[in-house]
Amino acid sequence: MHEHIFKRFDAELDDIRARITQMGGLVEEQMRAAMTALGGEDRELIELVIARDAGVDQMELSIDAACAHIIARRQPTAIDLRMIMAVSKIVTDLERIGDEVKKIAKGARKIFEQGMGGCLTQVTEIRYVGERVLDMLHDVLDAFVRVDADAALAIIRRDKEVDESFRSIVRQLVTFMMEDPRTISTALDIIFIARSVERIGDHTKNIARDVIFIAKGEDVRHTVLGKQGMEGENAQ
Amino acid sequence: MNAAALALLLLALAGALAIALALQIRQRNALRDWLIAPDLHPLPDGRGVWYEIFSRLRKTRKQEQLRRAELGNALERFRLAVQSLPEGVMLLDTQMHIEWLNDAACRQFALDAVRDPGTLAVQLIRQSEFRQLIDSYRARPVKQSTLLRAGSNGEERVLSVTLLPFAATGTLLVATDVTEQVRSELGQRDFIANVSHELRTPLTVITGFLEQFNGDDPPTGEMARRFHRLMAEQAERMNRLIADLLTLSSLESSGQPPRDEVIDVPALLETLRNEALALSAGRHAIDITDSSAGKLRGSADELRSAFGNLVFNAVRYTPAGGKITMAWRLIDGQPTFAVTDTGIGIPPEHIPRLTERFYRVDKGRSTAVGGTGLGLAIVKHVLVRHGGMLKIDSVPGKGSIFTVALPADRRA
């Protein structure tokens, strides 16, 4: 779309983009594994998810360093600056998602160790909501790669359903705890897991906002350059 | 006089020359225009040597157009063939950007044929296995494959993805959906593992108690009676399991069920209700709301086993205080049996696999409530033999409806 005089700069930007998607892929896999492990009997999978979170953290550090490096060396402006700012925000959100996934895995370990009590249905429901969130995460990363503001907007709307499901799960569990105080400890663990899933939905929404930011930035650029065709296409 | 005639002749000659020249220039211009845009400026007929040149040119062009059309057709047919392959096909360039992909690949990886070409494949297919495959292929560009999990909305597919060199610098990606194969291979392996496991568990308990009796201080009195009871329970469990296995195997090997045998289904439902009440021991309300579909032709033993399994499952998976209803009525002319419960329900992702042998939504729970893991497999087999269909509707936490629809011509 646009090229810099310094080819190296383009290569560096591409490299950052590639690393973000790689990190996103890892986070997606972590989330998928956590959802499989939740309420299941695969203790090894749970431990694997917890152990692999260090890899996510490592990637955050290295992408952040790369961003700082570009800002210092190239003093990017306009679209490039927006892109790098958005990328560094996306990295933070991805890392937080990684943390929430780790919390889910730890919760899954607790459920596994204590037996589920009577909360089987809620765990199943969380898994169901989790699958929806996972789809959102997948789609938002696709939207980032495709710089697709429409898709990002659709994801922001989907997050509302996740929030509603979370409230419904909490309501059910509160009823549970009132009926039988012995379930309080298990129910709380499950609420924390549900909370993590809901937080992942929120972080996904943040990423979607950053994608729109990047896309709209390009829009402006195209008008400045007078690329009418592109402008009309993007304006929809 | 002579000079005047000469001048006239010269003038006529000059006129003729001018006309000939104009003609030549016109035809030359026509040729030039044709060379620039052959479709907009067709060649005139031409005169003299031009006629010869123009007709040759027209002929050559026509032949060339024909050849091009043929080539285009062949190419288009080839493209359509690749497009409609059930395998996903993708062309990648040296940097592993997507160049072109067919419909199947779009579906398999949730890609967009218009927008996504030009993007790095690893950015859209983010599984780490795929990244590893690409890395290893770039290090050594020979045919390489890997298995990949893909899919969304809770539907997971397993893809076998192969990369191979193509033309001079390109890479061809071929993706085959192997979900069913992986599943059935796992199923086979699981079945044997499951049978062994299911048989060994009760045996371990029995052997354990027997060792107690063999020891220096054999149990007596109350303790002996308790051990006895536990051993008998486990033996009974093995009995049930083996009976179910035998039922399954006989269902698989025998021919079509008889049509002359008439089953009094309403009476059968009454019997099942009494048996279910006994199993429930007062924990559930069990009712028959409708038995208007009357009698049925088929195998009494098999249908009794199929309907029974559905009703007893409802009792097992419904918490105390729940309600179970049976209904036997005609729906669109088809005799239909439905069992509705207010039980724990089944998460949607498990429903398609419920009729697999030993498939369990929750392993711990199923054995605890006394299931063998073969009940729904038996139901499915019986229905297949009677030409019926099993439908499962369920909402986790709310309850399930198991519906059996039998063909209309089986009514008696």
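Colleague: In what order do the five strands of the open sheet in chain B lie?

Modeller: Strands of a sheet pair through backbone hydrogen bonds, either parallel or antiparallel. In this predicted model, the order in chain B is E2-E1-E5-E4-E3, with antiparallel pairing. Strand E2 (98–101) and strand E3 (144–150) of chain B are the edge strands, each pairing on one side only. On average, and ignoring direction, neighbouring strands of this sheet are turned by 25° against each other.

Colleague: Which helix packs on the sheet, and which strands does it touch?

Modeller: Helix H5 (residues 128–139) of chain B does, touching E3 and strand E4 (157–166) of chain B. The direction of H5 makes about 160° with that of E3(B).

Colleague: How many bridges join each pair of strands, starting with E1(B) and E2(B)?

Modeller: E1(B) and E2(B) run antiparallel and are joined by three bridges. Strand E1 (residues 88–92) and strand E5 (residues 170–177) of chain B pair over five bridges, again in the antiparallel sense. E4(B) is joined to E5(B) by eight bridges, and E3(B) to E4(B) by seven.

Colleague: Which residues stand opposite each other?

Modeller: In a regular strand the side chains alternate between the two faces of the sheet. Here one can follow a row of partners across the strands. B:Met90 has B:Leu101 as its bridge partner in E2(B), and B:Met90 also stands opposite B:Leu173 in E5(B). B:Leu173 in turn has B:Leu163 opposite. Elsewhere, B:Leu147 is paired with B:Ser160 in E4(B).

Colleague: Which strands form hairpins, and what do the turns look like?

Modeller: E1(B) and E2(B) form a hairpin with five residues between them. B:Met96 in that turn has a positive phi of about 70°. E4(B) and E5(B) form a hairpin with three residues between them, where B:Ala167 in the turn has a positive phi of about 50°.

Colleague: Moving to chain A, how do helix H1 and helix H3 cross?

Modeller: The axes of H1 (residues 7–37) and H3 (residues 78–114) of chain A come within 10 Å and cross at roughly 20°. Angles under 35 degrees count as roughly parallel, so H1(A) is roughly parallel to H3(A). The crossing of H1(A) past H3(A) is left-handed.

Colleague: Which residues make that contact?

Modeller: From H1(A) they include A:Leu13, A:Ile16, A:Ile20 and A:Met23; from H3(A) they include A:Val87, A:Ile90, A:Val91 and A:Leu94. The residues of this contact divide into 18 nonpolar, three polar and one charged.

Colleague: How many residues does each chain give to the contact between chain A and chain B?

Modeller: The size of an interface is often given as the accessible area lost when the parts come together. Counted in residues, this contact takes 19 from chain B and 21 from chain A. On the chain B side, helix H4 (121–124) and H5 each supply at least two residues. H4(B) gives the largest share, three residues. The chain B side divides into six nonpolar, eight polar and five charged residues.

Technical notes
Residues numbered from 1 in each chain as written. Chains lettered and ligands numbered in written order. Predicted model: local features only at pLDDT ≥ 70, side-chain atom pairs only at ≥ 80, totals over all residues. Pairing = 2+ DSSP bridges. Helix = DSSP H or I, 4+ residues; strand = E, 2+ residues; numbered from the N terminus. Axes fitted to C-alpha atoms, helices over the stretch in contact; angles between N-to-C directions. Contact = placed C-beta atoms within 7 Å. Nonpolar A, V, L, I, M, F, W, Y, C, P; charged D, E, K, R; others polar. Parallel < 35°, antiparallel > 145°, perpendicular 65-115°, else oblique. Left-handed = near helix turned anticlockwise from the far one by under 90°.
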